[in-house]
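Reader: I have a model open and a few questions on its packing. Can we go through them briefly?

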Amino acid sequence: MSLRLQVNLIITTLLAICASVLIGLQIDNTRRSVHEEVVGANVVAAQLLSRMQWIYGNSGLVGMAGFLRQVGRIRANEVEIRDEQNTLIYSSPPSVYKEGRVAPQWYSRLVAPPLEPKEISLPNGRLLLQADASRAVLDGWDDLRSMLWIVLAGFVLGNALIYALMGRAMRSEERRVGKECRSR
């Protein structure tokens, strides 16, 4: 194996290690960010919805459903109201943010926090609150994809540059060694 190839393989390995560390840091940062956003939004939503007893007292499940329709989507949460027979009375509208797009399943499992649904009991039914990390995960996926393209471009260009510079350095060294051999 030539010296040029050996040096290039060492540098390629170092670049791959650096790229792996950067990607790992990005994924870990996204995991923490998604957790903070989703858990925070879920706690606020749970506090808000658990304090809605006065709306229920005045107008029942239908009144609560009407109130929630007026409120619209509660950030990073899916809300349902079900009666005693488990009939769906209300379901929150889907998110319109980056509508129709989803992050890959493997990435979602990697960064989304596992959160159990919360149930708020009502006299004639229940309110279900499920954290929805899909939009925050999609933002993280978009950031990671951009970073992967930059890392790949840097990896390819860095290797090409090192290979070319090593070739140039080796040619001048070969000429120097050739001159020394001829002068002997």
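Reader: Is W106 buried, partly exposed or exposed?
Author: This is a predicted model. Buried means under 20% relative accessible area and exposed means over 50%. W106 has 45% relative accessibility, so W106 counts as partly exposed.

Reader: What kind of aromatic pair do W106 and Y107 form?
Author: A pair of aromatic rings is described by the distance of the centres and the angle of the planes. For W106 and Y107, the centres are 5.8 Å apart.

Reader: Is D142 buried or exposed?
Author: D142 lies in helix α4, residues 134-183. Leaving out residues up to four places away in sequence, D142 touches K98 and R101. Its relative accessible area is 16%, and under 20% means buried. D142 is therefore buried.

Reader: Which element gives the largest share of the largest nonpolar core?
Author: This core has 17 residues; L49, M64, L68, V79, I81 and L127 touch the most other members. Elements giving two or more residues are α1, α2, β1, β3 and β4. The largest share, 5 residues, comes from α2.

Note on methods
Residues are numbered from 1 along each chain as its sequence is written. This is a predicted model: local features need pLDDT of at least 70, side-chain atom pairs count only at pLDDT 80 or more; totals for chains, interfaces and linings use all residues. Side-chain values use heavy atoms; hydrogens and water are left out. Helices (H or I, at least four residues) and strands (E, at least two) are DSSP runs, numbered from the N terminus. Buried means under 20% relative accessible area, exposed over 50%, partly exposed in between (1.4 Å probe, protein chains only). Contact means heavy atoms within 4.5 Å. A nonpolar core is a set of buried Ala, Val, Leu, Ile, Met, Phe, Trp, Tyr and Cys residues joined through side-chain atoms within 4.5 Å. Rings of Phe, Tyr and Trp (its six-membered ring) pair if their centres lie within 6.5 Å; planes under 30 degrees apart count as stacked, over 60 as edge-to-face and the rest as tilted.
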